[in-house]
Amino acid sequence: MSVITNYPPTAELQALDAAHHMHPFTANAELAQKGARIIVRADGVRLTDSDGAEMIDAMAGLWCVNIGYGRHELAEAAARQMRELPYYNTFFQTSHVPALQLAAKLAELAPGDLNHVFFAAGGSEANDTNIRMVRHYWARKGQPEKRVIISRRNAYHGSSMGSASLGGMAGMHAQGGMPIPDIVHIDQPNWYAEGGDSDPQEFGIARARQLEAKIAELGADKVAAFIAEPVQGAGGVIVPPESYWPEIKRICAEHDILLIADEVICGFGRIGHWFGSQSYDIQPHIMTIAKGLSSGYAPIGGSIVCDEVAEVIGGGEFNHGYTYSGHPVAAAVALENLRILEEEKIVQRVHDDTGPYLTEAWARLADHPLVGEAVNRGLMASIALTPDKARRAPFAAPVGTVGLIARERCFANNLVMRHVGDRMIISPPLIISRDDIDEVILRATRALDETLETLHQRNLMTAAA
Ligand SMILES: *Cc1c(COP(=O)(O)O)cnc(C)c1O
């Protein structure tokens, strides 16, 4: 493998980064003080930084590098397409081979009558498409007032005005005037944090019935759609009780509400099927896709749309589209990625082998004195940190204080694991081996031991009142 080594020393790179680069979801002044870690290359599940340190990337970048790093086939596909046709649009009665082939391939993979694809450059754009599409759908059916979209608190659906409004992140809504009108939120099915003494399955039903109550409050003639991730990702890998999705399915059907499954993380094998909807036996009207679609090798996302919605939308001009909708290079890369996922039976491996293996290995983390629960679905997993396991109590320190300490201990142990508040999460490349899963658990355990020591030293092992 050719290695690029002609970059300046780390300190110089960090100084340039601090002077000119505004990082997403980052307090930039604070980062400038300590300097960003500069990642220079990667292979398989491992990253290398500019000082030569090697880390296991248990987050697959940002939940996206499903086939792992270093697959030259994707580089070849991109180069081939760039030489042949680097760009063309699909707005004005033209099409091109990568976009149409990718749409056809996705229609084949997606369940039921999800046969039509509207492309975007990522998940946020795709969810913005969904907002406009479901409202336009009902308008074309003579119900323009059926326009409210119901989502959930602590959901993540992207960072544009529309998609962040769909999301239920309080910290995001606090900046820039969100949510936009006619998007409302119900509670998440997070039994660990919010279930108290209730039975988890009863709690799942109760949380689903908040949807029914919200529809009743607003009137079904005002509600266009409900959107949810099959398993919440950025919210902290919150696995819903098994009772939740069947009840949601019933409610959407009974009240004539469109169901949008945001598959940006769950899609493309993450939880053991091609789509999370299949894992939960749901048949949404629209699925949002991005991330694993190209394994992050090129920016591409989209909405996979059912026959009925596509037919209604297609009956007139939908005044919507992005310059890079179905970008030929990104589409060619995605096609190659899907070919590899399929030919190497990677989704099946998650379902039959590495998923169950992680379930067993991950569950052992629950024995650690800091861990209140350890859960996973396929190859996404989380642990909740707590000072009091029996009560599932949160820490007295501000939310995220302990999570950040734990994340830094993971980094120090050359493990990339993220914290969401005081939950620690992983979502490794789907090609991770059993040996590397063992290595992740080993390093995570070491990081938890060190975190516990730090918490004792700093008097942070106290529960909130
Ligand atoms: C990441 C993510 C998005 C946003 O995708 P971008 O490509 O970052 O715009 C939307 N939904 C979910 C569930 C995500 O995890």
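Which residue has a polar side-chain atom 2.6 Å from an oxygen atom of the ligand? The residue is Lys-291. The structure is a predicted model, in which local features need pLDDT of at least 70 and side-chain atom pairs count only at pLDDT 80 or more, while totals for chains, interfaces and linings use all residues. Residues are numbered from 1 along each chain as its sequence is written, and side-chain values use heavy atoms, with hydrogens and water left out.

Asp-262 places a polar side-chain atom 2.8 Å from a nitrogen atom of the ligand. From Tyr-156, a backbone N or O atom lies 3.5 Å from a ligand nitrogen atom. Of the 380 Å² of accessible area that the ligand has on its own, the protein covers 82%; such areas come from the Shrake-Rupley method with a 1.4 Å probe, and for residues only the protein chains shown count as cover.

The shell around the ligand (residues with a heavy atom within 4 Å of it) includes Gly-122, Gly-123, Ser-124, Asn-127, His-157 and Glu-229. By class, the shell divides into three nonpolar, six polar and three charged residues. Here Ala, Val, Leu, Ile, Met, Phe, Trp, Tyr, Cys and Pro count as nonpolar, Asp, Glu, Lys and Arg as charged, and the others, Gly among them, as polar. Helix 6 (residues 123–140) gives the largest share of the shell, three residues. Helices (H or I, at least four residues) and strands (E, at least two) are DSSP runs, numbered from the N terminus.

Contact (heavy atoms within 4.5 Å) links 33 residues of domain 1 with 37 residues of domain 2.

Some local details remain. Met-178 and Pro-179 are joined by a cis peptide bond, with omega about 0°; Pro-179 sits in the loop between helix 8 (170–173) and strand 6 (183–186). Phe-25, in the loop between helix 1 (10–20) and helix 2 (28–34), has a positive phi near 45° although this residue is not glycine. His-419 belongs to strand 14 (residues 418–420), and the side chain of His-419 reaches the backbone oxygen of Gly-421 at 2.9 Å.

Technical notes: Polar contact = N/O pair within 3.5 Å; in protein donor to acceptor, adjacent residues only side chain to side chain.
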